[in-house]
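I opened this entry to record what I looked up in the structure. The notes follow in the order I made them.

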Amino acid sequence: MTHSDASPLIRQYREIKRGYPDSVLFFRVGDFYEMFDEDAREASRLLSIALTSRDKSSTDPVPLCGIPYHASQGYIAKLLKAGRTVALCEQVEDPKSAKGLVRREVVRLYTPGTLVDTEFLSPSESNFLTAICRSSRSAADGHFLWGLAGLDVSTGEFWVMEFGGIAGTAQMLDELVRVEPREVLYPESAQSILSFVTDLRGIKVCPQPATKFNAEHASITLQTHFQVHSLDGFGCQGLTVALGSAGAVWQYFRETQPTASFDHVRRVQRRWNHDAMHLDQATIRNLELVRPLNGDQPGVERGKTVLSVLDRTVTSMGGRLLRDWLLRPLLDREAIQRRLDAVAELKNAVPQRVAIRTILRSVQDIARLSSRMTLRAAGPRECIALKESLSTLPELRAQLETFNSSLLTTLRDQWDDCRDISTLIEDAIHPEAPLVLRDGNIIREGYHGAVDDLRKTRVEGKEWIAALEARERNRTGIDSLKIRYNQVFGYYIEITKANLQKVPPDYSRKQTLVNAERFMTHELSELERRVTGSEAQLASLEEELFGQVRDRIAREVSRLQSMSGLLATVDVLTGLAEAAALGRYVQPTVDNSDVIAIVDGRHPVVESLNHEQMFVANDTRLDGNDNRLLILTGPNMAGKSTYLRQVALIVLLAQIGSFVPATEARIGLADRVFTRVGASDNLAGGQSTFMVEMTESAHILNSATNRSLILLDEIGRGTSTYDGLSIAWAIAEYIHDQHYLGARTLFATHYHEMTQLESLRDGIKNYRVAVREQDGDVVFLRKIMPGGADRSYGIHVAKLAGLPGPVITRAQEVLTRLEQPDSSSESTTTPLQHDDRRTLPQPHSVIDEVRQIDLFSMTPLDALNRLAELQKRVTQPQ
Ligand code: ADP
Ligand code: MG
């Protein structure tokens with residue numbers, strides 16, 4: 001395509017487009033955003049809008065599609081969803097006064113991680129843009145140093161972290177998973193990072209020039225923004241790669257919103273890895289803390305998670321904070337106790353709890369609203385929303401008056417009613433102000449004299465025009481004479497064709513229609529000048545005043561942010577109290593002992609799923625001595641995995657400061673909680689390889705301490721029986737033995753042999769999930785009892801799965817014989833051989849194979865095939 005042939009507009013378009021090759025460019029032309037060339041083709045496909053062309057008649061028509069400017073938000077949302085970014089190019093001078101082509105500039109780049117627009121954001125989730133980078137040379141210990149920075153521009157939250165040492169990479173990735181950023185930046189030179197981040201499914205990853213990750217640059221830029229001489233005051237001393245990442249994040253925002261002020265970003269917070277319990281990806285996933293294991297399936301009700309069961313918050317700020325609490329359990333006993341005391345008070349004070357929740361329901365997202373004030377994105381109605389939210393503050397404070405717990409008292413002491421801000425909005429902004437500025441009627445009567453005068457002129461002007469109409473009807477004797485108004489001509493007098501002969505000579509003709517003619521008079525044009533002049537003046541004055549009010553609110557953004565934090569905390573604490581009351585949860589005793597003692601514990605999610613069947617509560621006793629490692633056996637589907645998870649969840653809930661589903665609980669704090677779920681139980685991702693299983697186990701054995709809580713669910717499944725058993729056995733010993741780990745552990749296994757460990761190690765105890773056999777069927781009692789399961793019940797499961805009767809009967813026979821004493825050691829005298837001498841001439845070879853079959857990991861069809869094969873072998877003498 002030869003560019004010189006193109007029209008000036010297209011040339012301008014292509015020049016601007018060159019700066020945004022990866023985004024769809026919305027090019028403002030009058031009341032439309034137009035897209036050309038490749039963008040037009042792509043947008044028409046993604047947005048289902050018609051593709052046409054410009055300069056159709058030319059030999060080289062330009063593909064074109066367009067959307068009305070006021071409908072752009074919906075289309076932008078669609079493109080973002082499709083994984084694209086959008087560059088918004090506006091006319092930056094008034095077309096009326098422009099000489100030649102109107103100047104145009106990209107004023108905003110829409111990318112998933114940089115959104116501030118309420119309509120694109122999920123209220124209950126943060127919207128972080130993060131950047132990662134790595135020290136170019138290995139540090140002194142031979143490991144890389146990772147820097148991670150995150151900024152949620154919708155709330156102004158900004159933090160940096162560094163990770164080093166042997167687990168640095170894993171911890172950095174775990175943190176990314178926890179944050180769930182919408183977009184990740186990384187230096188394009190770092191190919192190796194790419195392989196890690198592409199694992200983060202659904203997150204947009206954007207390579208950036210390595211120069212953007214410069215720590216010194218970043219320091220200077222951020223110091224200028226925060227108006228400080230050093231970032232030490234934020235705890236950033238000694239940081240390098242973290243600042244590099246922070247700089248990349250900052251620059252990216254500058255590029256996407258070149259004209260915006262980021263004054264609501266008031267600080268960069270140094271986060272430490274040890275501020276909270278470090279939860280790894282596998283544990284967050286296995287325990288279904290925030291996402292269901294089987295994912296979100298279309299058409300199916302969204303799976304329940306611990307968060308969804310626990311979340312009784314009523315504000316978006318509270319919802320986001322609860323998620324954060326849940327993913328960052330505390331390690332400090334006193335901090336936990338402070339939360340627990342507050343929850344306890346709120347749980348007991350029923351009337352206040354109800355009142356607080358009712359008031360909070362009318363509080364909107366103050367965090368995001370105040371950000372939009374500084375970004376000058378907030379409209380009149382958002383100011384009203386802010387005012388209404390703030391007006392609840394005195395009432396809320398009064399409700400908190402009666403509480404004595406230290407956390408609630410502190411919140412009350414830091415309280416700020418923000419009355420000046422709500423009064424400002426109250427006085428200045430019309431309570432029924434419209435959504436957008438251009439609709440007018442924003443400034444409240446009595447706030448500004450000139451506005452009131454202009455409005456009066458406008459009203460009077462209309463009266464004058466009505467009076468003029470009456471006078472002219474009189475003078476001309478035309479009853480149908482009308483004074484009308486339209487956008488193009490302004491005011492005019494309209495006379496129907498039939499009355500044209502009565503038109504006086506001082507009328508001047510403006511336009512002829514089919515049935516009427518339109519006229520002007522000197523008096524009317526004089527009136528019009530006054531009326532429309534005041535209209536325009538009023539509009540621009542209202543806009544100016546509104547801008548001033550918004551900027552004054554923006555100056556108070558740090559106060560608004562602290563109040564939003566306070567309200568979120570009140571909401572979360574009240575929500576936890578509500579969840580405790582509704583779920584019959586109990587306040588745990590937390591201490592620094594090594595005891596985990598739970599009476600009648602329940603799994604918070606499983607118990608909420610099935611209402612017909614009562615959840616069977618179970619006790620737990622773990623400690624650093626005799627009850628260090630519990631081996632749990634029992635048939636498939638008995639409830640082993642549920643029990644393991646319930647213990648971990650009770651510990652985690654206690655450590656976020658929540659009550660727990662039990663009738664009594666004493667929790668000796670855990671420094672970490674690890675989970676390893678066996679290959680066949682791991683529904684997520686389908687990477688059920690033995691390698692993954694062993695990598696995760698290695699990670700646990702290398703990272704756990706004797707203060708950790710470990711859940712091992714059916715490990716060793718991914719390999720052959722003997723391999724698996726040996727590994728499971730050795731892992732159990734390693735965890736149990738104090739000179740290695742000595743961590744508190746729950747170990748569910750289908751290997752019976754493991755129960756022998758109880759007699760070999762003093763900290764190991766056997767438990768089983770009780771089942772009752774009834775007429776050859778297994779009834780699940782879901783009760784955890786001391787002692788190991790005596791058998792595997794594989795055949796019962798096979799029966800439940802619908803294997804044909806003869807197969808079950810025969811399997812039962814084979815099993816009974818196999819289970820006779822000495823059947824393995826002395827094959828020459830086994831009863832099997834004795835009974836079935838003719839059909840089993842060389843029984844030992846088959847018996848060995850039967851013994852090695854891992855019934856639990858077979859499908860019914862596999863089992864049937866295998867059985868058929870064995871049967872063939874035993875009926876055909878070898
Ligand atoms: P396992 O790990 O032993 O195969 P699961 O823990 O997966 O068994 O439990 C199987 C099912 O049994 C669960 O999905 C749940 O519906 C039910 N279940 C488990 N524990 C209980 C319980 N304590 N009370 C009631 N139902 C339970
Ligand atoms: Mg299981």
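**Ligand shell**

I began with the shell around ligand 1: helix 22 (residues 640-656) gives the most to it, with three residues. Helices here are DSSP runs of H or I with at least four residues, strands are runs of E with at least two, and both are numbered from the N terminus.

Before going on I noted the ground rules. The model is predicted, so local features need pLDDT of at least 70 and side-chain atom pairs count only at pLDDT 80 or more, while totals for chains, interfaces and linings use all residues. Residues are numbered from 1 along each chain as its sequence is written, chains are lettered from A and ligands numbered from 1 in the order in which they are written, and side-chain values use heavy atoms, with hydrogens and water left out.

I listed the surroundings of ligand 1 next. They include Met-614, Phe-615, Pro-635, Asn-636, Lys-640, Ser-641 and Thr-642. A residue is near a molecule if one of its heavy atoms lies within 4 Å of it. I sorted the shell by type: six nonpolar, four polar and two charged. In this scheme Ala, Val, Leu, Ile, Met, Phe, Trp, Tyr, Cys and Pro are nonpolar, Asp, Glu, Lys and Arg are charged, and the others, Gly among them, are polar.

**Polar contacts**

I looked for pairs of N or O atoms within 3.5 Å. A ligand 1 nitrogen sits 2.9 Å from a polar backbone atom of Val-616. A ligand 1 oxygen is 3.0 Å from a polar backbone atom of Gly-639. For Arg-782, an N or O atom of the side chain is 3.1 Å from an oxygen of ligand 1. Taken alone, ligand 1 exposes 560 Å², and the protein buries 79% of that. These accessible areas come from the Shrake-Rupley method with a 1.4 Å probe.

**Backbone check**

I checked Met-637, which also belongs to the ligand 1 shell. Its phi is near 70°, positive in a residue other than glycine. Met-637 is in the loop between strand 20 (629-633) and helix 22.

**Domains 3 and 5**

Which domains did I compare? I took domain 3 (312-418 + 556-583) and domain 5 (589-802); bounds come from an automatic or database domain assignment. Their C-alpha centres lie 37 Å apart. The contact (heavy atoms within 4.5 Å) takes 17 residues from domain 3 and 16 residues from domain 5. Together they bury about 1300 Å², 70% of it on carbon and sulfur atoms. Buried area is the accessible area (1.4 Å probe) that two parts lose on being put together, summed over both.

Key
Polar contact = N/O pair within 3.5 Å; in protein donor to acceptor, adjacent residues only side chain to side chain.
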